[in-house]
Amino acid sequence: MFFGSEDSVGRVEKARYVTRTKDGLYRYNRRVPDDCQTALRKRLWNLSLGRDYDQAVMRAADLRREHDATISRLRNPETSECEIVSQATGRTSARIAELEHHGAPEAIEGEEGTVEDILGAMWQRIPTVLRSARGEPKEYAQLSITQALAFGDDSRAEGGAVMRLPPPSDPVARMQYDAYKAMLAQRLEELAPLPDQGAPEMRVSALMERYIKVQALRPNTARSYRQMVRRLIDNCGGDHALPHYDRDRLRLHRDKLDADPGVSVQTVEKHFAPLKALWRWAADEYDELADLQFPRVRLSKRVTTVEDSRWQAFNDVEMKCVWQALCEAWGPKSTSRIKPERRRAFLMAVRVMLYTGLRPAEVFRLTAADVENGILTILRTKTTARKLPISTNISDLPEFLANGGFERDSQSKTIAVTMSDNFTKVIRHAGLTNDRHVLYSLKDTLVDRLQRQDGMTDDVIRGIIGHVVGQGKLRHYKTPFGETAHGRATMKQALDAITYW
């Protein structure tokens with residue numbers, strides 16, 4: 001947004017890079033060119049210009065000339081190296097001034113070398129500092145400034161960040177570094193538990209709620225994102241503003257996830273993906289976070305591919321074995337303690353999954369209202385709402401739903417888990433011991449049978465199972481397969497051609 005003022009001859013002069021916030025404050029907002037961002041260590045100049053418009057315009061003009069000159073020097077091969085050194089020197093001077101403002105602790109008095117050299121060795125003295133400060137009247141103040149100087153952690157020190165140096169690269173030294181950092185943080189927490197930081201509406205939990213609403217995320221996805229943020233808050237000691245979660249804290253979060261035996265490498269990746277998306281969105285949405293970047297945190301590499309770790313389809317012989325075992329376990333002559341009504345529902349659910357690709361929880365949500373003229377409308381789903389023709393192989397589904405179907409079982413929040421667990425027990429007892437054969441393998445089995453058919457396309461498979469990933473921008477132009485008579489006929493022909501037993 002530009003503002004301008006009219007001069008004596010009636011011309012309007014635009015004030016470049018001047019914006020006005022909702023509270024009437026003028027700011028200088030200018031994007032740093034891509035080729036200059038490394039040298040300047042920022043993506044955006046975002047500076048306050050005060051509330052007086054005329055003074056803001058004058059100040060912005062001065063800044064514009066200053067930054068134009070800086071960009072010019074960085075782009076000029078003859079002056080770029082000197083300018084890079086000048087920028088680095090300015091940052092170092094600011095760090096030294098900040099150290100003087102805080103007052104250097106005894107740990108660095110008499111030391112020689114650069115500021116980086118001195119502070120880079122401070123973490124090694126943490127055990128000594130902890131022992132000497134124990135019980136002193138100013139223990140908290142001494143330890144908080146030590147935390148800021150040794151680890152660049154300014155969450156408890158006044159005056160803002162001092163310096164953030166990378167941890168040691170040697171593996172053994174890094175283990176000691178992390179241990180000393182944790183020891184110091186624990187003692188500070190004992191002395192004074194750290195409250196949540198920042199305005200409530202700018203904390204990570206509140207911003208995630210805003211992000212979920214703006215992005216119109218599905219309920220299951222929203223619930224998953226909330227759980228991931230809650231895990232971040234638990235692992236990093238509180239609900240804070242996004243800048244609080246620096247690289248060290250996010251590494252700690254990663255390490256705690258990695259240490260959990262129930263969390264896989266893929267799950268760790270899933271925990272970090274929504275956080276990265278939240279950081280990008282917040283930087284675009286809020287002026288005060290315009291410079292925000294998600295810290296660089298290296299995640300563990302996958303040891304297996306998606307193909308190696310996904311559920312596995314049943315082959316023809318296995319599928320016949322599965323159905324025979326299920327009919328014996330859940331059929332009318334079964335001696336199972338599961339009620340006959342539930343056993344019938346389980347058998348129908350298996351058949352529906354094999355000819356629709358629905359998940360167990362989605363099957364149990366089906367009602368008679370979802371069926372009309374041989375078309376099944378699937379609204380309550382994790383993927384994409386869609387319409388499917390009912391295959392002749394499950395032509396009894398409409399009558400089943402009309403007679404009450406899954407209504408009783410749909411009241412249970414754990415029905416899908418109960419069925420899944422019982423399914424696994426049945427097929428294991430039948431001799432199918434592959435741990436990648438589970439109830440969710442039925443969708444893989446459906447896709448496998450579809451792929452066998454001549455002329456099968458990904459559009460037909462996506463239309464049946466409800467996945468839109470892979471269509472790219474064509475989604476803006478293509479009518480979903482289940483919304484056209486031709487598409488429904490093609491899907492029905494493909495589904496009717498499948499036989500499992």
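Helices here are DSSP runs of H or I with at least four residues, strands are runs of E with at least two, and both are numbered from the N terminus. A word on the ground rules: this is a predicted model, in which local features need pLDDT of at least 70 and side-chain atom pairs count only at pLDDT 80 or more, while totals for chains, interfaces and linings use all residues. Residues are numbered from 1 along each chain as its sequence is written, and side-chain values use heavy atoms, with hydrogens and water left out.

Helix α6 covers residues 139-151, and its 13 residues reach 18 Å from first C-alpha to last, close to the 18 Å expected at 1.5 Å a residue. That expected span is 1.5 Å times one less than the number of residues. Of the 13 residues in α6, 10 are buried, meaning under 20% relative accessible area, where over 50% is exposed and anything in between is partly exposed (1.4 Å probe, protein chains only). Among the buried ones are Glu139, Gln147 and Phe151.

## Helix α11

Helix α11 spans residues 265-285; its 21 residues reach 31 Å from the first C-alpha to the last, close to the 30 Å expected at 1.5 Å a residue. Its buried residues include His271, Phe272, Trp279 and Trp281.

Let's turn to the strands. An open sheet is formed by 3 strands in the order β3-β4-β5, with antiparallel pairing; two strands pair if DSSP finds at least two bridges between them. Because β3 (18-20) and β5 (44-50) stand at the edges with a single partner strand each, one side of each has no neighbour in the sheet. On average, neighbouring strands of this sheet are turned by 35 degrees against each other, direction ignored.

Between β3 and β4 (residues 26-31) there are 3 bridges in the antiparallel sense, and Thr19 stands opposite Arg27 in β4. Helix α2 (residues 53-75) packs on the sheet and touches β3, β4 and β5, its direction making about 20 degrees with that of β4. Axes are lines fitted to C-alpha atoms, for helices over the stretch in contact, and angles run from 0 to 180 degrees between N-to-C directions.

## Two nonpolar cores

A nonpolar core is a set of buried Ala, Val, Leu, Ile, Met, Phe, Trp, Tyr and Cys residues joined through side-chain atoms within 4.5 Å. The largest has 52 residues, and Leu326, Trp330, Phe406, Phe423, Leu442 and Ile464 have the most contacts inside it. Its largest share, 10 residues, comes from α14. Elements that each supply at least two residues include α13 (316-330), α14 (340-356) and β7 (375-378). A second, separate core of 32 residues includes Met202, Ile233, Leu257 and Tyr286.

Beyond its neighbours within four places in sequence, Trp330 is in contact (heavy atoms within 4.5 Å) with residues including Phe346, Met419 and Phe423. Ile415 lies in helix α18 (residues 415-429) and is buried at 4% relative accessibility. With neighbours within four places set aside, Ile415 is in contact with Arg342, Phe346, Phe364 and Asp409. Ile415 and Pro360 are 55 residues apart in sequence and 8.5 Å apart in space, C-alpha to C-alpha.

## Cysteines

A search of the whole structure finds 0 disulfides, a disulfide being a pair of cysteine sulfur atoms within 2.5 Å. Cys36 is buried, at 1% relative accessibility, whereas Cys327 is partly exposed, with a relative accessible area of 32%.
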